[in-house]
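Hello! Have it open beside you as you read.

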Amino acid sequence: FSLQEIHVKEPIEKEVNPHLLPGELLLCEASTVYKYIQEDGSNRGTYGKLVCTNFKIAFLDEDSASDDNEPQLKNKIVGENDITLQCVDQIYGVYDEKKKLLTGQLRKYPEKLIIYCKDLRVFNFCLRYTKEEEVKRIVSGIIHHSQTPKLLKRLFLFSYASAAPNNTDGRNQTMMFDTLEDWRDELERTKGNVKYKAVTVNEGYRVSEKLPLYFVVPICVSEENILKYEGRGIPIWCWSCHNGAALLKMSAFPKEQDDITSQTQKAFLDGIYKTISKAPYELLKTDDLSSSLPSLQDIQTAYTKFKQLFLIDNSSDFWATDVKWFSLLESTNWLEIIRRVLKKAIEVAECLERQHTNVLLIEENATDLCCVVSTLVQVMMDSYSRTKSGFQSLIQKEWVVGGHGFLDRCNHLHKSDKEEAPVFLLLLNCVWQLVQQYPPAFEFTETYLTVLSDSLYVPIFSTFFFNSQHQKDTNTSGESLKTQSGPFRFLTVWDWSVQFDPKAQAFLNNPLYAEKPKPDKSQRKTTRFKHQRQLSLPLTTTKSSTKRGFFREETDHFIKNILGKRIGKLINSSDEPPNSFREFYDSWHSKPVDYHGLLLPRIDGPEIKVWAQRYLRWIPEAQLHGGGTIATAAKILDLMEEVQSLQVRMDEEHCQAVSGDVRSVPLLRNSARLSSLFPFALLQRQSVKPALPTSTWKDLEDEDDLVKRDDEFVDLTSDMP
């Protein structure tokens, strides 16, 4: 296309400079870069400057977001047009309308750059009107700094910590589990201190660099046994149930060993099992997760296919794949993996809750699927883990201090694709299933889970950028630019004030959270809530339609279809749960739910859904304007505000102080202006019809009201000269 064929704004004359964080350096830049607006298949967009720093790639234009279209959840660190180097997934160049993956040194530079992000944003930049030298610098700079392997100390994490050494430690109420006291407090909270003890045997990491400084083992396990195989073959405590049964994990011995070594290790394990199978311990059930759950490679393959469904280049691509949505979704196997993991967590919960049996989870290093299952079991069984501070403490305990290899699994250093696997994302997807099935049981919202998943790629926090506590400790010593000496002081992701102001943080808190009532025997029966199961019939057969694609049923059920209303038919359910499991599962679901007791997710086909907010938030076509769950939430929040104001007036009339804590809620006025994927999607951001209607669109034009709503269509060209 030529310059005359596209609607553009003139290149900016005023100098626009990037906002740099402490320790952030501008590495390369290019002017007169054209960024496409990915609303439709047209070529409209805006001119600006594309820059690359040691922290991010950023597009700068004269039109900074106005109050009308600025996201409600504005991030203070990463702007709308910013991509952290760790968030870059793949970079493609377009040569003569053909896409090519860009890696390493380039012989020829592309006329168009497409950047796919790990948070599923897609950026399209046209470089035709940029000076050739600037194109070479910016393209090679972006590829080098975001794709090539780097040393740990080259992460921006260290540059930021050096330049800003006086960072506050925003622990809030989150237990970090880096002290012996934290472990003892957790033992006392769960009443596990009768049978288990916190040990200091790994101080100085003399047992293993993979284990935390402090951890908890059965009282009967000796220090000598812990030291014998560098911590392997030792049951490590995760959590104790109210009835005394405990959840344990263990690093397995390598499978390929010579006979003598294997026999010695087997005898060692037999001795350990016998010791902890005696009173006062409960019976022990072992579960080797490497054989009962999908492999990390399976998880990585499934997620790679799954995310491709949401990395949409333009509106035409969206509608072209629409007719194959359900078959494409099924073929990824991602929802099935989520279902299997949740089922495993329910099986463990049954052993602990009903059978009063200790459960020992076994995995090669006990730092991947062990983390997922143990975290889910605690979220399901311990209401403290469903509060914000409790959930954050749980992530610290099981993942950060527990030794999950975030650096390798997220491939932050681009060292080895073989080690990459979205294990933590799998956990967040599973927790989201529970949050959306039982909203009042959680103090945090799905928005909290979404921004937590985004924080995986923000390298100013140490939380998700080390493989172990040992690796963090050994890399903490360093010289600060200001003090010339002393250790680095890293930020923790749990200090949300670093990323969001108080108004934005309100979106992370659930205003409808059913807080735990104070113990009152006379009120105990009346505080139980009606189970949501009675409010919907997910397995009811829906009226079949000859139409295909997103609009198979009435438009109002658009999001329901996306989230899997009819996906159940596609999910393989050949591995039906055993009878004891099914009995436990059905029995629990037949009773009213206690939001502060055991929670079991519904896992039958249609109940496992796509996390719409995270995966669809950048796709205008997938939004309902003035509709969706946010419209319902807006009405509820308005009612809550009205009730609170009435309460204040009543209290004033009776000359009493306002009783109780009035929970801060974000005001969601004028819900007609909101998108169903608020607060991430821009207000009034409209989906535009395909320039060339697909056969699907033609079928729909005669009957779907949504297509005919001209009042919702905004002509983006009207603002352009």
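**Salt bridges and helices**

Let's begin with R354, which is partly exposed, with a relative accessible area of 36%. Burial here means a relative accessible area under 20%, so R354 does not count as buried. Please keep in mind that this is a predicted model.

What does R354 pair with? R354 forms a salt bridge with E583, and their closest N and O atoms are 3.7 Å apart. R354 sits in the loop between helix 10 and strand 14 (358–363), while E583 belongs to helix 19 (residues 579–589), so this pair ties together parts that are 229 residues apart in sequence.

The general idea is a simple one: side chains of opposite charge can pair when their charged atoms come close. Across the whole structure, a search finds 27 salt bridges.

Now have a look at helix 10 itself, which covers residues 334–353. Its 20 residues reach 29 Å from the first C-alpha to the last, close to the 28 Å expected at 1.5 Å a residue. Is helix 10 mostly covered or mostly uncovered? Helix 10 is mostly covered, with 18 of its 20 residues buried.

An α-helix has 3.6 residues a turn, so residues three or four places apart point the same way. Both K343 and E347 are buried.

Another pair to find is R602 and E607, whose side chains meet in a salt bridge with an N to O distance of 3.7 Å. Are these two buried or exposed? R602 counts as buried at 12% relative accessibility, and E607 is buried too, with a relative accessible area of 8%.

Some charged residues are joined in a network: salt bridges link E186, R189, K249, D382, K397 and E398.

Finally, turn to helix 12 (residues 388–400) and helix 14 (residues 423–437), whose axes come within 13 Å and cross at roughly 145°. The crossing of helix 12 with helix 14 is right-handed. Which residues meet there? From helix 12 come F391, I395 and W399, and from helix 14 come V423, F424, L427, L428 and V431. By class, this contact has 8 nonpolar residues, with no polar and no charged ones.

Notes
Residues are numbered from 1 along each chain as its sequence is written. This is a predicted model: local features need pLDDT of at least 70, side-chain atom pairs count only at pLDDT 80 or more; totals for chains, interfaces and linings use all residues. Side-chain values use heavy atoms; hydrogens and water are left out. Axes are lines fitted to C-alpha atoms, for helices over the stretch in contact, and angles run from 0 to 180 degrees between N-to-C directions. Helices (H or I, at least four residues) and strands (E, at least two) are DSSP runs, numbered from the N terminus. A crossing is left-handed if the near helix is turned anticlockwise from the far one by less than a right angle, and right-handed if clockwise. Contact means heavy atoms within 4.5 Å. Ala, Val, Leu, Ile, Met, Phe, Trp, Tyr, Cys and Pro count as nonpolar, Asp, Glu, Lys and Arg as charged, and the others, Gly among them, as polar. The expected span of a helix is 1.5 Å times one less than its number of residues. Buried means under 20% relative accessible area, exposed over 50%, partly exposed in between (1.4 Å probe, protein chains only). A salt bridge is a side-chain nitrogen of Lys or Arg within 4 Å of a carboxyl oxygen of Asp or Glu.
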